[in-house]
Amino acid sequence: ILPQKSIEEVSKDVQKWATQKKDEIESLQENERFRKEFLSNLAHELRTPIFTVQGYVDTLLGGALEDPNVNKKFLTNASKGIDRLVQLVDDLNQISKLESGKIPIIQESFVIQDLIKDIYEELSLKAKEKNIHLEFKKGTERPIVVYADKPKIHQVLVNLVENGMKYGYEGGSVTAGCYEMDEGHVYVEISDDGPGIGEEHLPRIFERFYRADRSRARNIGGTGLGLAIVKHIVEAHNQTVTVRSKLGVGSSFGFTLDHGRTS
Ligand code: ADP
């Protein structure tokens, strides 16, 4: 005869089972909440540039096409709206690939400062327009070799430097610092002396579509996906990204990488 469970034991099993199911349901509900929020954000982000384009095209069709003083300007603005849509679709595509783990991380050794110099070069025209100085933190110029996926770290750095330029003040600066840490890690930091981000926003700043100052950020013209992409790429390297910021002082975004070897 099999030993039978006591009523207390059976009741404990049932309780355990019920707690487990409750957790599962809560996690499904949370996923569903995320999904709904994502879709509603996405619809909103798509609507803004579509309305812009539609507005200009309708005005042109309504007669403005005949007016040489405005038609070129309206077409240029419509075209900017389309650029924004294209950027949004590209960013979404990249996020979805990163989230599904479809993009492999292919690591190689390279000097991180050389990559930053290349990026400063690529962005020099944009920087000049806003009179932003792109520089290195003094004392961190000594070449450091990292082991990482170069094109993806390129993207991380472009997103961070561009944000520093976009949100920074005219005549301000964006500064890169590269530091060797113990246990084979390197720390890379991109700082600016812009307006900074309020403390209450920092915990959510890496979320898709999260913006510290919605109307201002949208005017500046980003997709709200740049930092989410940064976080995905850094975490795909099993590394971490952090932010420090103070209103009126500036912001610093830092991430770790593996130390590489010189061949
Ligand atoms: P966006 O495309 O809006 O720039 P991001 O994901 O790159 O999206 O950034 C999210 C939000 O974080 C921005 O909308 C902005 O409010 C804030 N932010 C990011 N970088 C900076 C910075 N260097 N200085 C001030 N605010 C920033």
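An oxygen atom of the ligand lies 3.3 Å from a polar backbone atom of Gly226, a polar contact being a pair of N or O atoms within 3.5 Å. The side chain of Tyr167 contributes an N or O atom at 2.6 Å from an oxygen atom of the ligand. Of the 530 Å² that the ligand exposes when taken alone, the protein buries 97% (Shrake-Rupley method, 1.4 Å probe). The model is predicted, local features requiring pLDDT of at least 70 and side-chain atom pairs pLDDT 80 or more, whereas totals for chains, interfaces and linings use all residues. Residues are numbered from 1 along each chain as its sequence is written, and side-chain values use heavy atoms, without hydrogens or water.

The ligand is surrounded by 20 residues (a heavy atom within 4 Å), and Asn163, Tyr167, Asp192, Gly224 and Leu227 are the closest. At least two residues of this shell come from each of helix H5 (150–167), helix H7 (226–236) and strand S7 (250–259) (DSSP runs of at least four residues for helices and at least two for strands, numbered from the N terminus). The greatest share, four residues, is supplied by H5.

Most residues other than glycine have a negative phi. Asn131, in the loop between helix H4 (124–129) and strand S2 (133–136), instead has a positive phi of about 55°. Asn131 is partly exposed, at 43% relative accessible area (between 20% and 50%; over 50% is exposed). Asn238 likewise has a positive phi, near 60°; this residue occupies the loop between H7 and strand S6 (241–246) and is exposed, with a relative accessible area of 71%.

Methods: Polar contact = N/O pair within 3.5 Å; in protein donor to acceptor, adjacent residues only side chain to side chain. Buried < 20%, exposed > 50% of the residue type's maximum accessible area, 1.4 Å probe, protein only.
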